[in-house]
Amino acid sequence: MKKKITVVVALVVLIAAAVSSLFIISFTKKADMIPVLTYHRLLLEGENKLYKNQPDVLSVEAFEKQMKWLHDNGYHTMTIHELDQFLNEKKEFPAKTVMIQFDDGRRDVKHYAYSILKKYDLHAIENIITSRTNRNDGPWDPDKHQFMKMNDIKDTLGVFELGAHTDNLHNLGEDGKGDMLKKSDEEILKDLKLNRNLLNQTELFVYPFGHYTSHTADLIKEAGFKYAFTTKTGYVSQNDDPYQLARQGIGPKVTIKDFENISEVNSFKNKAKRFVKHITN
């Protein structure tokens with residue numbers, strides 16, 4: 001009798017272990033939240049003489065270290081089409097999934113970011129202010145704010161795809177308000193449609209300075225965009241408003257450990273914390 005009880009107990013333990021393993025695998029295999037890692041400008045540590053205290057200027061060395069970590073740890077970098085699939089629950093993505101974005105279309109994207117991303121077989125989106133592609137910024141100069149021309153942008157395609165950041169509404173007034181909050185609907189729509197047309201009808205938009213209202217979001221939708229990102233800190237989830245998506249700004253104060261923690265939002269440990277928080281609230 002004891003032998004039979006022992007066998008039964010052993011079977012129960014094995015079944016419980018198997019069920020637990022299946023739960024853990026199911027719990028950790030897919031992404032519930034997507035970190036959108038956002039950058040603006042890259043400069044080598046030795047050449048950055050004027051912008052060392054700028055929160056949006058990251059060293060090339062730190063950026064490469066971050067990209068190497070993503071590559072070495074098997075991360076998938078999400079495309080715009082995959083963002084659509086994720087938000088509309090058309091496809092599951094691995095827990096190790098991030099999206100990488102660069103705002104403004106600065107020349108350092110081609111000068112530094114392109115080759116690093118290509119080296120580690122990673123994908124990113126460059127959000128372009130299209131009016132600035134016509135500027136004559138001269139030869140590369142790390143002391144100046146320089147922007148890519150359309151030919152430069154074309155050279156980055158394959159590693160990068162295009163997002164929109166207005167044609168000529170990325171301007172901040174003395175009152176602290178951007179053009180998206182001050183221009184007429186007609187002016188905004190005209191700008192947005194031109195911006196989108198110049199960028200191969202991209203469906204992704206980023207609000208300049210994070211300035212928007214519910215009415216602004218309606219104009220973004222009317223212009224043909226399906227997704228719009230803010231400057232709110234957070235992650236993209238499937239129940240999010242597609243015109244109020246959050247991102248993670250990556251600047252010089254973000255350590256490699258911080259970067260790892262942001263990227264590991266879908267780890268078993270972090271998912272378990274969210275699950276416990278959910279059931280106890």
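Tutor: E89 sits in the loop between α3 (80-87) and β6 (97-104); helices (H or I, at least four residues) and strands (E, at least two) are DSSP runs numbered from the N terminus. This is a predicted model, in which local features need pLDDT of at least 70 and side-chain atom pairs count only at pLDDT 80 or more, while totals for chains, interfaces and linings use all residues. Residues are numbered from 1 along each chain as its sequence is written, and side-chain values use heavy atoms, leaving out hydrogens and water.

The phi of E89 is near 55 degrees, a positive value in a residue other than glycine. With 60% relative accessibility, E89 counts as exposed (over 50% relative accessible area; buried is under 20%, partly exposed in between, with a 1.4 Å probe and protein chains only). T166 also has a positive phi, near 80 degrees, and lies in the loop between β8 (160-164) and α6 (179-182). T166, however, is buried, at 0% relative accessible area.

Now for a helix pair. The axes of α2 (residues 60-72) and α4 (residues 108-119) come within 10 Å and cross at roughly 20 degrees; axes are lines fitted to C-alpha atoms over the stretch in contact, with angles from 0 to 180 degrees between N-to-C directions. The two helices are therefore roughly parallel (under 35 degrees). From α2, V60, F63, E64 and M67 meet Y112, A113, I116, L117 and K119 of α4, where contact means heavy atoms within 4.5 Å.

Conventions: Parallel < 35°, antiparallel > 145°, perpendicular 65-115°, else oblique.
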